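This report covers a single model.

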Amino acid sequence: MKRLIPTLLLSGLLTSLPLLAAEVTVEQLQDKLDHPWSVAFLPESQTLLITERSGQLRSWQPGKGLSDPIQGVPEVWTQRQGGLLDVVLAPDFAQSRRVWLSYTLADANGNAGGVVGYGQLSADNRQLQNFKEVLRQTPALSSGANIGTRLAFDRDGYLWIGFGDNFHSSSAQNLDQLSGKIIRLNQDGSVPKDNPFVGRADARPEIWAYGIRNPQGLALNPWSGAMWETEHGPRGGDEVNLPEKGKNYGWPLATWGIDYSGAKVPESKGGEVPGTVQPLFYWKVSPAVSGMAFYHSTRFPQWDKSLFVAALKDKSLIHLSVQGDKVQEKERLLKDRGERIRDVRQGPDGYLYVLTDEADGKLLKVGLSGDAAASQG
């Protein structure tokens with residue numbers, strides 16, 4: 001089913017004059033997904049992999065629809081925000097068939113944390129074989145909140161991982177813990193020798209950056225080669241960050257949000273704190289950001305070199321302009337659907353693929369119609 005949604009596309013950072021009236025198209029490809037969390041594109045037959053938070057990894061293909069659960073996926077802990085979360089393909093997937101997953105496990109005391117590992121997807125896409133756990137977030141601190149665990153590969157083949165603070169805010173500043181951190185690993189799970197804290201007895205060598213609250217998106221900027229991150233603030237203060245080597249991104253010392261009680265975050269020293277890095281962009285009123293995707297395609301030129309961020313509480317797909325490291329919000333799409341948006345990815349065909357975080361979750365294909373689309377579209 002395809003439908004049109006009127007919107008107004010603007011060009012430039014500051015202009016408010018409409019240059020082109022466009023129609024946003026939304027095609028529902030699949031429903032009846034159990035809180036889908038992430039989507040990845042296989043390099044053949046337009047096949048997608050989709051994670052469901054309740055523990056299923058499935059494939060979807062045009063004309064064939066949704067598969068039965070893929071066998072060989074590890075058991076997961078599925079309370080609150082926990083479960084089967086992100087899925088990404090190894091850069092050499094065409095040769096290795098390696099699929100990386102992030103998920104949650106709990107210890108004997110019921111404390112949970114993020115886990116990352118990989119297996120080989122069988123040629124028929126029905127089994128994930130020889131699954132290997134690579135990294136476990138220790139110590140396990142979470143009761144099901146602020147888990148994070150987004151995954152992304154960069155141009156050099158390094159695996160980046162976003163681990164949340166597990167709702168223990170001070171842990172984000174402790175370099176001997178993996179909570180509240182951006183992690184960088186080699187493809188085999190080993191630690192790169194040039195990670196910033198390698199060789200320090202008081203720090204985990206896997207850490208790339210710290211002071212992170214609850215990372216919900218990791219995406220490689222395809223025209224700059226830099227890794228970007230989105231994260232939940234507490235009550236307000238959701239952020240877009242560019243995590244640089246060894247830098248402190250402030251949480252909980254620096255935040256533009258407030259505590260859930262409405263009071264000041266106890267450890268906070270303000271929005272700007274010496275020794276910490278400011279976000280590229282933040283929302284004073286939290287839309288509850290989730291997955292993110294850079295758009296770089298000639299399919300829809302008006303979207304080229306834009307950033308799209310999924311929003312849970314605001315139930316929208318947020319479109320932002322990007323000029324270097326300067327970011328500005330342009331519009332919010334899909335709000336009329338009233339559905340929590342969990343993930344967004346650019347497909348190889350130049351369309352956006354969106355997951356809704358519902359018990360009857362959906363896979364949507366989003367684009368532009370008419371004069372807003374390129375001639376190839």
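## Confidence

The protein chain has an average pLDDT of 92, and 92% of the residues score at least 70; pLDDT is the predictor's confidence in each residue, from 0 to 100. This is a predicted model, in which local features need pLDDT of at least 70 and side-chain atom pairs count only at pLDDT 80 or more, while totals for chains, interfaces and linings use all residues. Residues are numbered from 1 along each chain as its sequence is written, and side-chain values use heavy atoms, with hydrogens and water left out.

Over residues 4-21, pLDDT stays under 50, and the model has 42 contacts beyond four places in sequence for this stretch (contact: heavy atoms within 4.5 Å). Where pLDDT is low, the predicted coordinates should not be read in detail.

## An open antiparallel sheet

Four strands, in the order β7-β8-β9-β10, form an open sheet with antiparallel pairing. Strands are DSSP runs of E with at least two residues, numbered from the N terminus, and two of them pair if DSSP finds at least two bridges between them. At the edges lie β7 (84-89) and β10 (128-136), each pairing on one side only. From one strand to the next the twist averages 25°, with axes as lines fitted to C-alpha atoms and angles running from 0 to 180 degrees between N-to-C directions.

Strand β9 (residues 112-121) runs antiparallel to β10 and is joined to β10 by six bridges. Tyr118 has Lys132 in β10 as its bridge partner.

## His319

His319 belongs to strand β21 (residues 316-323). His319 counts as buried because its relative accessibility is 0%; buried means under 20% relative accessible area, exposed over 50%, and partly exposed in between (1.4 Å probe, protein chains only).

The side chains of His319 and Glu331 are joined by a polar contact of 2.8 Å. A polar contact is a pair of N or O atoms within 3.5 Å; within protein, one must be able to donate a hydrogen and the other to accept it, and residues adjacent in sequence count only if both atoms are side-chain atoms.
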